[in-house]
Amino acid sequence: MDFLYRARGLSAWVSSLLLLGSLSQPGVSAARSSPEAILDNGLQDEIKWDRHSIIIGGDRLFLFGGEMHPFRLPVPELWEDILQKIKALGMRHVSIYTHWGFHAPTPDKADFSTGAHNITHFLETAKNVGLYVTVRPGPYINAETNAGGLALWATTGEHGSLRLNDTAFTEAWTPYQDGIAQLTRPFQLTEDGTVIMYQIENEYGEQWVDAEAKIPNPAAVSYMEALEDNARRNGIVVPLIHNSPNLNSPVWSKDYDTVGAGGNVDIYGVDNYPQCWSCDLEECTNVTPWAVFNYFDHFESVSPYQPSLMPEFQGGSYNPWLGPAGACRDRTGVDFVNFYYRDNIAQKVSILTLYTIFGGTNWGWLAAPFIGTSYDYGAAISEDRSIDDKYYEIKNLGLFTRVADELALTDRVGTGVEYTNNTNLFVTELRNPDTGAGFYFIRHDETASDSEEWFALQVNTSIGEFYVPKIGSAVVLSGHEGKILVTDFHFGKHTLYYATAEVLTYSIIDNEKTVLVLWTPSGRSGEFFLKGAKEGKISSGPPVTLVAEDEGIIVAYIQKDERTIVELDNGVTVVLVDRATAYKTWVPALTDDPKVPANQTAVVIGPYLVRSATLTDTTISLQGDFDAVTPLEVFTSSHITGIRWNDVDLPTTRSNHSTLVATVPAPPYFYTPAKIVSWKYHDALPERFPNYTDTGPAWVLANRTTTPNPAVDPDDVTKPFLFADEYGFHTGIRLWRGHFTVSSADDNAPTGVYLNVQGGTAHGWSAYLNGVFLGSWLGEADAGTGNRTLSFSSGDDDKDSSNGAGLVKEGDNVLLLIHDDTGHDQRDAAINPRGVLNATLLGGGGGNAGKKLEFTSWKVAGTAGGSAPERAGLDTVRTHYNEGGLAAERLGWHLPGFDDSDWEVGRGPAEGFTGAGVRFYRGRTTLDVPPGIDLSLAFRFTPAEEDVEKGTLGYRVLLFVNGWQYARYYPSIASEDTFPVPPGVFDYSTTNLITVAVWSLQEEGARVDIDLVVRYAVGSSLNINFDGKYLQPGWDPVRLEYA
């Protein structure tokens, strides 16, 4: 319907507004745009869309959601915890990457059922929690993962050109893509599931050779079409989407492709990280603090007939090697949330997914080479699963978007600085053309400003055009703040003409009573005008001013540090809260429908977290978390008389405004973890000794004289090619043994060696000749290769070794090289090899023959079973990403059940050792966490103070918990020193195996203290004492073959 706006005078204006400046009319037009067709893909009729929003089951929805990665929390029992926290944010939607390399350890295997591979369990859990799902299977996902999630065996060149329609590459990804699509199919919305979108590839901006001229790239187009055909052939009928890498890549949009290039998806999307995806701003270019981007014009140009979709918008940023310890969360905290997410909505983004809402952990060797173990990402739900003010601030917006159905159909009526009497402020007006609901987005005109600004806003309403507030004090915008103020906002059968406080939520109780919650910061003014009400009373809290008008009632107030309840005679109860109270206000769904109708909710004020609510007979059962004695107030059905909290009935009373009131007692006692005890140790680098035998399945003869890798110039590298992936070893530490023979006929033995190793940024290596340490490359945070010249007389580079080959002996000589691989590069650079680029013996002459000596053979060892596909299932739960080629790893010393009875007893890594080498420690800690607690434990590493002072931190530590590698500690490079470990990897009710590999790359050796610390503990309905033994497979005697 159309609305006639009539002018209304300012006679009610109060001179005490404390505003300066004149009031001016905004120069905007309220013209309604012409409607466009509602679209679908012709394969189903449940999910449709147009230029405004997605339409599910006939209902327009604003979709606010977040990204998580099941593989980064490899404990299926904890997925529900994260999904419940996402749901509690008011979000309707979760997006997930699945990881080709994790699911397909070899070309002939794809695992979708073992442990964290069980994506079916994830989709079932999401459905039960009541969340829509977007599945994003790649095959390339980026996500700061090793090779961007590509199967590592596919990076050698043997499987064709990456991310193109190469026959060999298609054959490589097909089994994985088949499997993901087939397991997703029954969970689509069309088959009684909740999957609503399916993403093809990721950040693949290759559709055009020239995007402006629209000259297609046929190879990229055919690749996208092959992926789309795969999805459809395997039963995917929901909309296909894509995530364009930036605003400069108008790719895969049917609207933009006016030349029939092909490869287009149903709904185009774009990602953006306005304050840099990294905590190190040097990794991004042209980052301007608090700058905003013009998404509105971008979508109008590239996808004008589709909803504005952001599959990724900045939810935090990753912390690279040189990032600040613990400070990554600061730049995307409460202010960032409040400002940027409102700005996105102002630009008509109607499908908004935060990347990430939960980051998780790069356990093992999952990470790309430029980051370490943590993938906390500064996300709202931290790596240890805790929540804080950033989470609560997102919830304030999420609850609003869930009830603001009218926001899913709006036109941008106008923008500018003329909407208020303060030209320092910029306003965007969106209006629903069908209902007349208006949404005014207010921010500083100079987006970097954090000044305090007072203002009145000119609004268009169904009862006229006027300034608000009408009777109270001015609205204040302070700091890096944004606001969404509404007009003609319809909630249930009621209408809010305007409010100068923000709508938090509303709930319809018993289909009769409506509870509306408004919030504004403490000490600020608020005012609202409610249609149809004539009288009201304050039933609880500080006083307010009520003024009756012909059309309804105006309520003005100054928000205090407590809630006020105003009951009006038209059946509406308005709850006025400050930010802190809004943070602890929850609206749990009483249904598993992701839409969460307002008449299927309750309102709960008080707890740290409310996970879920159910009504049974006369009781409301709440599941949640609490960190102190907590008063509860519940707005729910009138026939409910009792509150049950975490399965315990609470003494409950009814207030004078018909709410239920109870108190949650203090949580169980604070838990203090036990020490790590019973330390034993063993040398873990036997391969350095000349009498070590490099035979057996652990070792592969490295004898390739050709390589399929197109990234390599064969003339620039040592032959045979010493690229680990080509010999079946893809992750972690590798060991290379190079043999050369010196005979009595040689006049001069080699005097040194030049080594150049490519292991990814921050990698390190050490070299030994005949058991004697030569030297190391300690690693640099920005260096993917490391080279040194090492002398065989002293081991030091750059020294005169012309008369010294003191370490060389007659006969067979063995050079051992140990290096770690911090991960494959991303995108096309994933093919950059990992291994030895150059190994050249220096000096020497070869006796009468005058021939320079060369290595006669090379062998390489890596992850046990890695070189033999038929044996790659030694650890199907943790996979090859969990371990590398240390003797301790190959032999399974890190696994439960290994017999260490003949090992030396010691005080653990804090005692340390001298000299270069690798030592492996095994210790134990016993946990006895009482039920009713959710607890996060972490390992904290502290180097010896003397080593810090001297700068002798040239060592690396790998820590394993019950067989899972959950920490890579590189003190000479990175600031990361505390590593959370989740339940399921930890067993919280018994003895846990803690094992540590300490690799010293220096003669000074290594000493490091390791403590177990509590990150947080809350009372909770979450059960963390589940039996996780199936996630902790133990030692197998077959490991002995890999000595």
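Q: Which residues is Thr 500 in contact with, leaving aside its neighbours within four places in sequence?
A: Thr 500 touches Val 468, Pro 469, Val 475, Leu 485, Gly 526 and Glu 527, where contact means heavy atoms within 4.5 Å. This is a predicted model: local features need pLDDT of at least 70, side-chain atom pairs count only at pLDDT 80 or more, and totals for chains, interfaces and linings use all residues. Residues are numbered from 1 along each chain as its sequence is written, and side-chain values use heavy atoms, with hydrogens and water left out.

Q: Why is Thr 500 called buried?
A: Buried means under 20% relative accessible area, exposed over 50%, and partly exposed in between (1.4 Å probe, protein chains only). Thr 500 has a relative accessible area of 1%, so the residue is buried. Thr 500 is in the loop between β22 (494–499) and β23 (502–509); strands are DSSP runs of E with at least two residues, helices are runs of H or I with at least four, and both are numbered from the N terminus.

Q: Why is α8 described as largely enclosed?
A: Of its 15 residues, 14 are buried, so the rest of the structure largely encloses α8.

Q: How many aromatic pairs does the structure hold?
A: There are 62.

Q: What makes the pair of Tyr 97 and Tyr 355 edge-to-face?
A: Rings of Phe, Tyr and Trp (its six-membered ring) pair if their centres lie within 6.5 Å; planes under 30 degrees apart count as stacked, over 60 as edge-to-face and the rest as tilted. Here the centres are 6.3 Å apart and the planes are at 65 degrees, so the pair is edge-to-face. The pair links distant parts of the chain, with Tyr 97 in strand β5 (residues 93–97) and Tyr 355 in strand β13 (residues 349–355), 258 residues apart. Tyr 97 counts as buried at 1% relative accessibility, and Tyr 355 is buried at 2%.

Q: What values describe the pair of Phe 941 and Phe 979?
A: The distance is 5.4 Å centre to centre and the planes are at 85 degrees, which makes this pair edge-to-face.

Q: What does the charged end of Arg 72 sit over?
A: The ring of Tyr 375, at 3.5 Å from its centre. A charge sits over a ring if NZ of Lys or CZ of Arg is within 6 Å of the ring centre and within 35 degrees of the ring normal.
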